[in-house]
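My plan is to look things up one by one and write down what I find.

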Amino acid sequence: FDLKNDDFTTLEELGAGNGGSVMKVLHNLTGTVMAKKIVLIDAKPAERKKLLRELQIMHDCDSPYIVSSYGAYLAEPNICICMEFMDKPSFDGIYKKIGAIDIRVVGKVAVAVLEGLRYLYDVHRIIHRDIKPSNILCNSQGDIKLCDFGVSGELVNSIANTFVGTSIYMSPERIQGATYSVKSDIWSLGITLIELSVGQFPFSDSFSDSDADSDLEDAASHAHRDSLHPPRAPAPKRDSLRVPTSPTTARRRRRSKGVSLHGGGATLSIIELMHQIVNEPAPRLPPGRFGAAPDAFVNGCLEKDPDTRRTPKELFDYEWIAESRQNGVDMRAWAATF
Ligand code: ATP
Ligand code: MG
């Protein structure tokens with residue numbers, strides 16, 4: 001059906017990112033609650049074309065692992081994209097609320113993301129391009145779905161060199177300017193899985209620090225690793241350009257590595273971070289904490305060389321995927337805990 005601004009009642013803001021904001025809205029004529037993403041488009045025709053293409057593909061998607069679309073419309077100077085409303089937070093919101101996520105639930109996320117990527121690629125020839133916790137959504141049915149995917153397959157190579165958004169989930173080869181491939185999404189998946197299971201973005205430095213100092217953040221994410229509903233203070237907010245580290249971490253970092261940080265709310269600049277991604281060894285799950293199967297899977301995602309990094313197809317054969325499909329976690333019950 002035809003969508004236009006007049007037909008919606010805004011209920012609340014769900015969140016905002018670099019690209020725009022997302023509102024929970026009621027479509028008055030049909031009584032349908034939707035999520036409406038409002039993107040300010042600049043006048044450049046190329047950008048507009050890209051968006052419209054993305055929207056058309058979204059509309060054609062029909063998969064339990066992809067957030068469905070009701071359609072989109074232009075409301076100058078914005079484009080509005082009306083999506084299926086997911087009534088639970090995105091996975092970044094979830095772990096910031098409840099702390100590190102149970103590894104078996106993280107296994108379900110791995111399955112859903114792989115299935116979503118396979119669907120997008122096999123059926124629509126799309127590479128997602130923006131896998132990260134805030135683009136993995138959850139609802140009270142316990143469904144896990146991807147949103148915010150990129151441009152169409154035929155145009156991938158011509159568009160790959162244009163700016164598609166700098167993200168702290170970018171693979172080493174992307175940072176170095178290589179063409180986007182589905183393996184770049186796999187890197188982002190690996191980073192995402194560590195972030196969810198540890199409750200912290202892996203490149204902030206308390207993570208890589210191996211001394212068993214009594215860092216509050218570490219303590220919190222360790223203490224509740226086996227609980228499905230751990231009470232925990234929310235993790236610090238982070239956007240795609242600054243990576244906050246806790247004051248404790250900052251002190252320790254200055255002490256142990258002599259690297260200067262920026263003021264009270266210590267941050268790692270995007271440049272420092274990109275440098276780390278390219279030059280340091282790939283992040284790993286904390287050794288011995290979660291078991292061999294998740295470790296092997298994550299390591300398969302986080303090969304720095306895209307040639308040795310596993311493809312989605314290969315990753316489907318990993319033990320952890322079979323294990324996670326049938327691990328008995330009731331996702332609906334889990335989603336009811338927050
Ligand atoms: P970025 O702009 O860097 O991609 P982001 O993904 O956090 O960051 P948005 O895509 O604008 O930014 O989304 C903002 C928030 O809106 C998300 O974190 C999510 O919590 C919420 N959201 C997005 N789509 C939906 C949806 N379909 N249903 C419910 N909530 C949604
Ligand atoms: Mg998003």
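**Entry 1: the sheet.** I began with an open sheet of 5 strands, ordered β1-β2-β3-β5-β4 with antiparallel pairing. At its edges stand β1 and β4 (69-75), each with a single partner strand, so one side of each has no neighbour in the sheet. Neighbouring strands here are turned by 25 degrees against each other on average, direction ignored. For that angle, axes are lines fitted to C-alpha atoms, for helices over the stretch in contact, and angles run from 0 to 180 degrees between N-to-C directions. Two strands count as paired if DSSP finds at least two bridges between them. Helices (H or I, at least four residues) and strands (E, at least two) are DSSP runs, numbered from the N terminus.

**Entry 2: ground rules.** I noted that this is a predicted model, where local features need pLDDT of at least 70 and side-chain atom pairs count only at pLDDT 80 or more, while totals for chains, interfaces and linings use all residues. Residues are numbered from 1 along each chain as its sequence is written, and chains are lettered from A and ligands numbered from 1 in the order in which they are written.

**Entry 3: the whole protein.** I looked up the secondary structure and got 14 helices and 9 strands. Buried residues make up 39% of the 338 residues. Buried means that 20 or more other C-beta atoms, placed from the backbone, lie within 10 Å of the residue's own; exposed means 12 or fewer, and partly exposed is in between. I also checked contacts, which need two C-beta atoms, placed from the backbone, within 7 Å. Of the contacts with a separation of 6 or more, 64% are between residues 24 or more positions apart.

Entry 4: A hairpin joins β1 to β2 through 3 residues. The two strands run antiparallel, with 7 bridges. I picked T10, which sits in β1. Its bridge partner in β2 is V25. Is T10 buried or exposed? T10 counts as exposed, because it has 11 C-beta neighbours inside 10 Å. T10 touches M23 and V25, leaving out residues up to four places away in sequence. I also took the distance from T10 to H27: 8.9 Å, C-alpha to C-alpha, for residues 17 apart in sequence.

**Entry 5: β5 and its partners.** Next I followed β5. On one pairing, 7 bridges join β3 (residues 32-40) to β5, and the two run antiparallel. K36 has C82 of β5 as its bridge partner. On another, β4 and β5 run antiparallel with 6 bridges. Here A72 has I81 of β5 as its bridge partner. β4 and β5 form a hairpin with 2 residues between them. I then checked burial in β5. Of its 7 residues, 5 are buried, so β5 is largely enclosed by the rest of the structure.

**Entry 6: ligand 1.** How many residues surround ligand 1? I found 24, and the closest are G15, G17, V22, A35 and S134. A residue is in this shell if its C-beta atom, placed from the backbone, lies within 6 Å of the ligand. The elements giving two or more residues are β1 (8-16), β2 (20-27) and β5 (78-84). The largest share, 3 residues, comes from β1. By class, I wrote down 11 nonpolar, 10 polar and 3 charged residues. Here Ala, Val, Leu, Ile, Met, Phe, Trp, Tyr, Cys and Pro count as nonpolar, Asp, Glu, Lys and Arg as charged, and the others, Gly among them, as polar.

**Entry 7: helix α11.** I turned to α11 (residues 292-301). Which of its residues are buried? They are P294, F297, V298 and C301. These residues cover an arc of only 95 degrees around the axis, so they lie on the same side of α11. The arc is taken from the directions from the helix axis to the C-beta atoms. The buried residues of α11 pack against α3 (103-124), α6 (182-198), α12 (312-316) and α13 (319-325).

**Entry 8: two positive phi angles.** I looked at the loop between α3 and β6 (136-138), where R125 lies. R125 is not a glycine, yet its phi is positive, about 55 degrees. R125 is partly exposed, with 13 other C-beta atoms within 10 Å. R129 has its place in the loop between α3 and β6 too. R129 has a positive phi of about 80 degrees and is not a glycine either. R129 is buried, with 25 other C-beta atoms within 10 Å.
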